[in-house]
Amino acid sequence: MIGVVMAVVGSVGGPLITSVATTLHVSLAAAQWTLTVSLLTGAVATPVLGRLGSGARRRPVVLGTLGVIVAGSVLTVLPLPLVPLLVGRAAQGCGLALGPLMMASAREHLDRDRAASTIAMISVASTAGVGFGYPLAGYLTDVGGIRLAYTAALGLSVVALLVALRFFPASRQPVAPAPDAAASVLLTAGVLVLLLVLGEASVWQDHLPLAVGGVVLGLLVLAAWMLRERTLANPLVDLRLLRHRAVAGANAAMLVAGVGMYLLLSCITRYVQTPSVAGYGFGLSTFTAGLFLVPFSVVGFVAGRISPWVRRYLSAAALVTAATVVVIAAFAVFAVARSTIAGPLVAMTLLGLGVGAFSAAMPAVILEVTPARETASAMGVNQVVRSIGFSLGSTLSALLLAAHTPAGALFPTDEGFTAAAWIGAAVTALALGISFTLRPRASATTAPNESAESAESAEPEGT
């Protein structure tokens, strides 16, 4: 429940960009930051909070983070200018970092079957939350303006805090060492630079050398972070886990698949809002276009619920492969059958099914070989990788459509959407190839989690 609420709160900024610009009399580029800043905060806070919240500090960190979110939500409701609103949205973005801590708690306190299904649903929560958050925010903005939409987000944040106070359990694990300050700063800076550059399509269009330089700078900072991590007895992220074939493959698949998934999501929402005077599109309002995400979320939620049942017959790796095939099918439907509104709707529904199943299966692939005490850290890294993939997908979508927009025209050609769809399908096909590397070796006979847990019990404390 906390995961869904935080996803709704984090997604509120998306449909309100135009309304924020007109209400506060700022440019669209400035208003865009009400969405960007929350995504950035969530991405950079995830690995730090994942390590800070390990062990006995988990409950205090979760409650403290929810308190920060409530305080930030108050700032978004007050009739203040853009800067305080951005501060509030940054605080709300911290909620995106709570997912790995939820997963760690489920893994500690529930039996194996219930933990697996709960972790799958936490992973799918972001899908369900976005689908309900977009139309809800659009409707409330049409009725009472942006402050009413942000008031709803405040109410949901308070509910999440009260639920956590009442139900979220304290950890029985020992207190983990505090994260290293230098490593935290380096990781935060590297991820922040990468996301800022990768998420700004205009920089790639107008200032390509600057964009390339930003990516190089971000990678260099992350390289410095990795060197720092190797010197620490208690690293922020246990890089040894990334050497495992399943973990490395899962993160690579998440990165590439995230590009494809968000590219298609962006293309569909933009296509259905394009006025029909362009010769295609349906001219849907922000609220109506947001309703397109409802089947995406509902089907994704159902896929997450049934994934434990499906895993009785398919391994987690095989489910990742099957989900990737469904996403490719969604691209194909959008590419060839979007002349009526049924085509994009079917494509969005298939995308929800693929994203939901993919998100539900991915934690199982990683956690099968991850010690319990590293759950939050390992899933935090995967969530950051997903954020980078989504940023790349959004930027790639904007660049492909811009390349097919005639000079002086407001909208890309219909062929531009076709090209973007097939390029996205090719990118997702690469993720499909990576997914085959996730299959366990034939000689592996150890039950899921057994090898990681036995290795953990044999590993000396503090290594």
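Before I look at helix pairs, I note how axes work: they are lines fitted to C-alpha atoms, for helices over the stretch in contact, with angles running from 0 to 180 degrees between N-to-C directions. Helices themselves are DSSP runs (H or I, at least four residues), numbered from the N terminus. I keep in mind that this is a predicted model, where local features need pLDDT of at least 70, side-chain atom pairs count only at pLDDT 80 or more, and totals for chains, interfaces and linings use all residues. Residues are numbered from 1 along each chain as its sequence is written, and side-chain values use heavy atoms, with hydrogens and water left out.

**Entry: α1 and α8.** I looked up helix α1 (residues 2-11) and helix α8 (residues 112-144), and their axes come within 7 Å and cross at roughly 45 degrees. I listed who makes the contact (heavy atoms within 4.5 Å): Gly3, Val4, Ala7, Val8 and Ser11 of α1, with Ala125, Ser126, Gly129, Val130, Gly133 and Tyr134 of α8. By class I get 6 nonpolar, 5 polar and no charged residues, with Gly counted as polar.

**Entry: how covered is α1?** I found 8 of the 10 residues of α1 buried (under 20% relative accessible area, 1.4 Å probe, protein chains only; exposed is over 50% and partly exposed in between). The buried ones pack against α4 (33-52), α5 (58-77), α6 (82-93), α7 (99-109), α8 and α9 (146-167).

**Entry: α8 and α9.** Here I read an angle of about 135 degrees, with the axes 6 Å apart. This pair is therefore oblique too. On the α8 side I see Ala137, Leu140, Thr141, Val143 and Gly144, and on the α9 side Ile146, Leu148, Ala149 and Ala152. I sort these into 7 nonpolar, 2 polar and no charged.

Entry: Beyond four places in sequence, the contacts of Val20 include Ile146 and Tyr150.

**Entry: Arg439.** I found Arg439 in the loop between α20 (414-435) and α21 (450-458). Is it buried or partly exposed? At 31% relative accessibility, Arg439 counts as partly exposed. Its C-alpha atom is separated by 9.8 Å from that of Gly249, 190 residues apart along the chain.

Methods. Helices (H or I, at least four residues) and strands (E, at least two) are DSSP runs, numbered from the N terminus. Angles under 35 degrees count as roughly parallel, over 145 as roughly antiparallel, 65 to 115 as roughly perpendicular and the rest as oblique.
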